[in-house]
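Here are a few notes to read alongside the model. Please keep the structure open while going through the points.

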Amino acid sequence: MSVNKELNYAFALSRQCLRILGTWPDPHISLNDFRRKLRFTIVLSIISLYVFLPQIINTIRAWGNVTVMVEQIAAANLSVMAFCKLAVTRYHGKTLQSLMSSIMTDWATTKSKRERATMMKMAKRGRSLSFKCYISATCTISFYICFNLLRFFRNLHQPQRRLVYHFTYPYSIQKSPNYEITFFIQLVGGTYTVFTNCTIDSFVSILLLHVCAQLINLRLTLNKLVDEMANKSISSSKFKKRLTAIVMRHRDLIRHAKTIDNCYSAVLFIHMVAATFQLCFETFQIFTKITDKNAEASKIKLAFLVSYVSYVLAPLYTYCYSAERLLAESTGMAYGVYECKWYDLPSKDAKDLMFIIHRSMIPLKLTAGKFAVFSLELFGAVVKTSMGYLSALLTMKDQ
């Protein structure tokens, strides 16, 4: 497989979707490329003017009505996350280009079958998580489009026609074709919002898993080197030279992991908080639709809300799983040194292994604004907290 094919395999749909959004960090294309900037500007404008702004205004207008406010905030949360992630990916374009260049070099220079198998295994894991995110996003989008198209055809011949997101634009939306054009731009904006979140979530997850694969390969290389030295297959000077290369490679991988965290830590804090409330708000709407006898319980609407909940959970789990693997593999370097035959090495050579152990004492992490560390434990905590907020919302509604 060529490097290009391997990158296509590893990043799957994320690569194509990021190109559509104008944020794919291709090292061979300038960030100032006109078509790239145009795509990014169009997507960001549609999301901000036709999705985010109407939702925020509608939330303020519905102040005091818990049910309506929850519905509006739930929709606004997603557009806030999409806007922030898109802007951050564009802002850190040069840094991400450098990271992608390093990943391309890894695929091009790795010749060992065992190491390539490890990289491919992690790429498959990343693809699996990515496809699960896209499946949940596709289901959510399908119900979203069906629900709003039914609304469109129902309101088409009404004297007062409603948009996907009610908003007062500087032109008459009741006239044709203003209404039709505005309605479908908002529909496209909602679709962009869902796929933007899904795409960037998958992209970050695959970056983390690639670092995990390189850490595994580095640990195996270290074990092989120590075995060769213990069996006196290589000289002490050659051992030091190859160990120096391993230490330098370990330093580079630590820097890559910290780069990913520095780029997305702030926006992931927004994601974690928004996902907590999002899960609470969506389950609140489901509960309200089912239990309120006066509410119109549309089956399409309920199906949409259920798929929405899975869509909120899938990216959060993807982050938590990838970060958990990164934490485990980074600390695994120290255990790798302990498990090798260091006791058969001359003391002056065995002491050099302390560089690896010292650097592995602090695990690599993906953080949410430096306040919380993504892990499977955090995933459970977010779900638990959301259900606690749900209980509080239901109490407020009944009062």
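1. A word on terms before anything else: a residue is called buried when its relative accessible area is under 20%, exposed when over 50%, and partly exposed in between. Take Phe183: its relative accessible area is 0%, so it is buried. Keep in mind that this is a predicted model, so every value below is computed from predicted coordinates.

2. Now the overall picture. The protein chain has 11 helices and two strands. Reading from the N terminus, the order is α-α-α-α-α-α-α-α-α-α-β-β-α. The C-alpha trace spans about 90 × 50 × 30 Å along its principal axes.

3. How much of the chain is tucked away? Of its 399 residues, 52% count as buried. The protein chain exposes about 19300 Å², and carbon and sulfur atoms supply 63% of that area. As for contacts, take those between residues at least 6 apart in sequence: 79% of them join residues at least 24 apart.

4. Have a look at the aromatic rings next. The structure holds 21 aromatic pairs. One of them is Phe52 with Phe83, which is stacked, at 6.4 Å centre to centre and 20° between the planes. This pair links distant parts of the chain, with Phe52 in helix α2 (residues 34–61) and Phe83 in helix α3, 31 residues apart. Phe52 has 27% relative accessibility, so it counts as partly exposed. Phe83, at 31%, also counts as partly exposed.

5. Another pair is Phe152 with Phe183, and this one is tilted: 5.0 Å centre to centre, 50° between the planes. It too links distant parts of the chain, since Phe152 sits in helix α5 (residues 113–155) and Phe183 in helix α6 (residues 178–230), 31 residues apart. Phe152 has 5% relative accessibility and therefore counts as buried, and Phe183, at 0%, is buried as well. Both rings belong to one aromatic cluster, made up of Phe152, Phe153, Tyr179, Phe183 and Phe184.

6. Staying with helix α6, Ser205 lies there too. Is Ser205 buried or exposed? Its relative accessibility is 1%, so it counts as buried. Setting aside neighbours within four places in sequence, Ser205 is in contact with Leu129, Thr318 and Ser322.

7. At 18% relative accessibility Gln72 counts as buried, because the cut-off is under 20%. Apart from neighbours within four places in sequence, its contacts are Gln55, Asn58 and Thr59. For a sense of distance, Gln72 and Gln214 are 142 residues apart in sequence and 43 Å apart in space, C-alpha to C-alpha.

8. The disulfide count comes to zero. Cys263 is likewise in no disulfide, and its nearest cysteine sulfur, in Cys84, is 15 Å away. On burial, Cys133 has a relative accessible area of 1% and is therefore buried. Cys263, with 6% relative accessibility, also counts as buried.

9. Finally, the surface. Phe269, Ile270, Val273, Phe277, Phe371 and Tyr389 form a nonpolar patch there, with about 540 Å² of accessible area together. Which helix gives the largest share of the patch? That is helix α7 (residues 236–291), with four residues. Phe277 is in helix α7, and at 33% relative accessibility it counts as partly exposed. A patch residue needs over 30% relative accessible area, so Phe277 clears that cut-off with its 33%.

Notes
Residues are numbered from 1 along each chain as its sequence is written. This is a predicted model: local features need pLDDT of at least 70, side-chain atom pairs count only at pLDDT 80 or more; totals for chains, interfaces and linings use all residues. Side-chain values use heavy atoms; hydrogens and water are left out. Patches are made of residues with over 30% relative accessible area and no salt bridge: like charges are joined within 9 Å, nonpolar side chains (Val, Leu, Ile, Met, Phe, Trp, Tyr) within 5 Å. Accessible areas come from the Shrake-Rupley method with a 1.4 Å probe; for residues, only the protein chains shown count as cover. A salt bridge is a side-chain nitrogen of Lys or Arg within 4 Å of a carboxyl oxygen of Asp or Glu. Buried means under 20% relative accessible area, exposed over 50%, partly exposed in between (1.4 Å probe, protein chains only). Contact means heavy atoms within 4.5 Å. A disulfide is a pair of cysteine sulfur atoms within 2.5 Å. Rings of Phe, Tyr and Trp (its six-membered ring) pair if their centres lie within 6.5 Å; planes under 30 degrees apart count as stacked, over 60 as edge-to-face and the rest as tilted.
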